[in-house]
Structures are given as structure tokens and as C-alpha cells.
Amino acid sequence: MADNRYWRLDDHPRGNDFAAAFSLQHEPVPAPGPGQVLIRNHWLSMDAGTRMWITPRTDGYQPPLPLGSKMMGLCLGEVAASRDSAFAEGDLVRCFGQWADYALVDPAASALTKVDADVGDVRQHLGALGLNALTAWAGLVEVAKVQPGETVLVSAAAGATGSLACQIARNLGCTVIGIAGGPEKCRYLIEELGLAQAIDYRNADVAAALAALPGGINAYFDNVGGPMLDAVLPNMAHYGRIALCGLVSTYDSDAPVPGPARFDQLLMRRLTITGFFLPDFLDRAGGYLPQLRAWLDTGKLAMRFEETHGLERALDAYAGMLTGRNIGKAIVRVHG
Ligand SMILES: NC(=O)c1ccc[n+]([C@@H]2O[C@H](COP(=O)([O-])OP(=O)(O)OC[C@H]3O[C@@H](n4cnc5c(N)ncnc54)[C@H](OP(=O)(O)O)[C@@H]3O)[C@@H](O)[C@H]2O)c1
């Protein structure tokens, strides 16, 4: 019988020590039950938000993954067997499934979606046409309501969600400034994504760099939270909007982390800060795709992939993404 390898969550990780928390297990390839679909995973998406699911915290946007479970995340692959008439063997699909050779899913619960194979590089369904892109669009357009000519700041700007937010804001006619870790990422933001400015937060004083901006920041697409948000708040323009997309600087904490020290600036500058979560937008997010696809096809939207080969190397890819080794989207090639 064919073998299915999968990553099992055995314990809550400490920091980025994932080897002590996960083990690679083996089982026979599962057979789909009524209504279920079996996916042969081609790529796994390494997403920062999943770090929260593997803490014991119960106050997140979804319950923690129980210890002993298969690790879950976004997958891109092909239907290997189906007992749902909407999906046929060979369909290219994206879903929330298991970190495994084969993901066994219930279509509705896993957001199983057929995706177009005719996009050049099908990995773009985890990139410029993927959930990070929909998140970037929702945050900029629906939450921050950015306008042409405004100054937009993006943190974790060279990562998957951030690099797409930078490009979308640029395409919408904004002046875009990115914050990222290290000179190589800053060069990428300026030279390849055409940003007006890039701030290397590992080597520069972010607050001082932002204070030098004329007019302040109209919209902040925040992926990071923590001390970086404190550096930004006093440098927002009056009536500025903050789309709070993520808090990657705090996801490895097993306890709540205190909010911004410069909370006062919300009053002083009449700011709005709005947390948002992509699943709340999914009913209409399909409407964002034609514009994203048009930009992809005309070279106005790109995704660089940081690809790791082999399911057995997924933990290294995951730690690499969480510690900023990736430029663009970190993915793991499983098959295909
Ligand atoms: N709200 C939603 O629905 C939604 C959906 C998707 C993603 N997100 C959020 O988007 C953010 C980015 O996620 P992603 O999956 O696209 O990952 P990513 O940006 O591709 O990778 C994570 C990046 O975070 C940066 N980072 C890690 N620790 C940091 C710290 N302490 N301070 C500053 N930067 C740090 C690293 O870049 P540097 O080298 O620059 O440090 C790293 O490359 C996350 O907060 C995630 O939760 C939210």
C-alpha cells in the first residue's frame, strides 16, 4: 500500500525550535469517504499566521490545533480521488489541508477551490493570485481605502503578503514605503518592486526614518505589530488609517502581548486602526481576481518564490519564513 508521510504536531513549539515539536509520521494513503476529496499535494504554502495555531492560546481567530494532529496549512495540488461530484481526478486545486504527501479534505471546511492551470506558473495560485494577494487587496482597498497620491507604508514588505501589498498600492497610484529586514530585501523593494523608499529595520532607526517623511503616512498596512507599530504611530498623518493585517512579531508568544505604547496617537492624530481577516472577505474576493490577473499578465504584479524541495524539509522552510530568510513567498515542493 502506498505511503503517506505527514507532519504531526506533538508539542507547542518554543520559539522557532520546530524539530522538538513536530515529527514526520507515516501511514497508508487514506481513501476518501463520502463527500471527501484526496489531494496529491504539489506545494505547501508557508504562512506566518499558522504559527498562532500551534500555540496553546484559545483567544485567537480560530482554536489552536490540538496536539497529536496533522499540521495544517494552505496546499496546492491535484485531485487524486474524489467522492464529491464537483471535483474530478486531475483537477488543480487549492485548499487548507494537511502538511502531507496527500491531504484528505472536506471541500467546504477546507475552502477547496479549483484553480486555473492556464496561468503560466501555477504557483501563482499561492502568489499573485493566491490568498496573500486577496489579503493585500482587501486590506488596502476595503479596509485602508487607499487613494492615488497617498503615502502608504507596508511592514514585512519583502514577504509574501507585504510584497503584494507594496505592488498593489504602487499600481493604485500611491507612494509606497516598505520596511524589511536587511539590505538585500531593501534593494529588492526599490529595484524590483519600484518602491519610493525602503527602511531596513534591522540596521536603521525606523522612527527617525519615518519622521523625515514630508506629510506623514496616510495608510499603514501592518503585518508585524509590536515595537514597529509604536515607531509608526507618531508618524502617521492626521486621519491616517491602519489596516492591521498581522502581528508576526508576537505569534510565538503563548500569552497575550500588551498593545501599543503609543496608543495616545490614535487620539492625537485621529487615526483609525482596523484588524481584518481574509475569510470575512472571501464571499467577494473572487471579484478582486480579474484585476490581479491583468496585472500579473502585464508584468505589474509579480511574486518571487523561495522554494524548498521535499516534505521532509518543511520545518526548515517554516523556520526560515518566520525568521525572514524568504524574499517573496516561501513554499515547499512536495510532488509535481
Ligand atoms: N489578516 C489576514 O487575513 C492575513 C492573511 C494572510 C497573512 N496575514 C499576515 O500577514 C503577515 C505576513 O505573513 P506571510 O504569510 O505573508 O509571511 P511572510 O511575510 O512571507 O514571512 C514573514 C516575514 O515576517 C517578517 N518578520 C518575522 N518576524 C518579524 C519581527 N519580529 N519583526 C518584523 N518582521 C518580522 C520576516 O521578514 P523580515 O526579514 O523583514 O523580518 C518574514 O519574512 C503575517 O502577520 C500574517 O499573519 C494576515
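Q: Over how many bridges do β3 and strand β15 (residues 329-333) pair?
A: This is a predicted model, in which local features need pLDDT of at least 70, side-chain atom pairs count only at pLDDT 80 or more, and totals for chains, interfaces and linings use all residues. Residues are numbered from 1 along each chain as its sequence is written, and side-chain values use heavy atoms, with hydrogens and water left out. Strands are DSSP runs of E with at least two residues, helices are runs of H or I with at least four, and both are numbered from the N terminus; two strands pair if DSSP finds at least two bridges between them. Within the antiparallel pairing of β3 and β15, L44 stands opposite V332, and the number of bridges is 3.

Q: Which residue in β4 is the bridge partner of W43?
A: Strand β3 also pairs with strand β4 (residues 72-82) in the antiparallel sense, over 7 bridges. Within β4, the residue that bridges to W43 is L76.

Q: Which residue in β6 is the bridge partner of V37?
A: Strands β3 and β6 are antiparallel and pair over 4 bridges. The partner of V37 in β6 is V105.

Q: How many of the 9 residues of strand β3 (residues 37-45) are buried?
A: A residue is buried at under 20% relative accessible area, exposed at over 50%, and partly exposed in between, with a 1.4 Å probe and protein chains only. Strand β3 is largely enclosed by the rest of the structure, because its number of buried residues is 8 of 9.

Q: Which helix does the chain pass through as it crosses from β8 to β9?
A: Strands β8 (residues 151-154) and β9 run parallel and are joined by 4 bridges, with V154 of β8 partnered by G178 of β9. The β-α-β crossover from β8 to β9 is right-handed, a term for a path from the first strand over the helix to the second that runs clockwise when the strands point away from the viewer. The helix on this path, residues 160-171, is α3.

Q: Which residue in β10 is the bridge partner of G178?
A: Strand β9 (residues 175-180) is mostly covered, with 5 of its 6 residues buried. The parallel strands β9 and β10 (residues 197-200) are joined by 4 bridges, and they form a right-handed β-α-β unit with helix α4 (residues 183-192). On the β10 side, G178 is partnered by A198.

Q: How many of the 13 residues of α2 are buried?
A: The buried residues of α2 include L131, W137 and V143. Helix α2 is therefore largely enclosed by the rest of the structure, as its count of buried residues is 11 of 13.

Q: Is K145 buried or exposed?
A: K145 lies in the loop between α2 and β8. Its phi is positive, near 50 degrees, in a residue other than glycine. Because its relative accessible area is 51%, K145 counts as exposed.

Q: What is the phi of A111?
A: A111 belongs to the loop between β6 (102-105) and β7. It counts as partly exposed because its relative accessibility is 36%. Although A111 is not a glycine, its phi is positive, about 55 degrees.

Q: What is the volume of the second largest pocket?
A: On a 1 Å grid over the protein atoms alone, a pocket is an open set of points with protein on both sides within 12 Å along at least five of seven lines, and lining residues have an atom within 4 Å of a point. Grid points are joined across faces, edges and corners, and a volume is the space filled by probe spheres set on the points. The second largest pocket is lined by 20 residues, with R94, T113, L129, L134 and L289 nearest its centre, and its volume is about 350 Å³.

Q: How many residues of the lining of the second largest pocket are nonpolar?
A: Ala, Val, Leu, Ile, Met, Phe, Trp, Tyr, Cys and Pro count as nonpolar, Asp, Glu, Lys and Arg as charged, and the others, Gly among them, as polar. The lining has 3 polar and 4 charged residues, and its number of nonpolar residues is 13.

Q: What radius of gyration does the chain have?
A: The radius of gyration is taken over C-alpha atoms, and the globule rule is 2.2 Å times the number of residues to the power 0.38. For 336 residues, a compact globule would be near 20 Å, and the chain agrees with this at 20 Å.

Technical notes: 1 Å grid on protein atoms, 1.4 Å probe; cavity = no way out; pocket = protein on both sides within 12 Å on 5 of 7 lines; lining within 4 Å.
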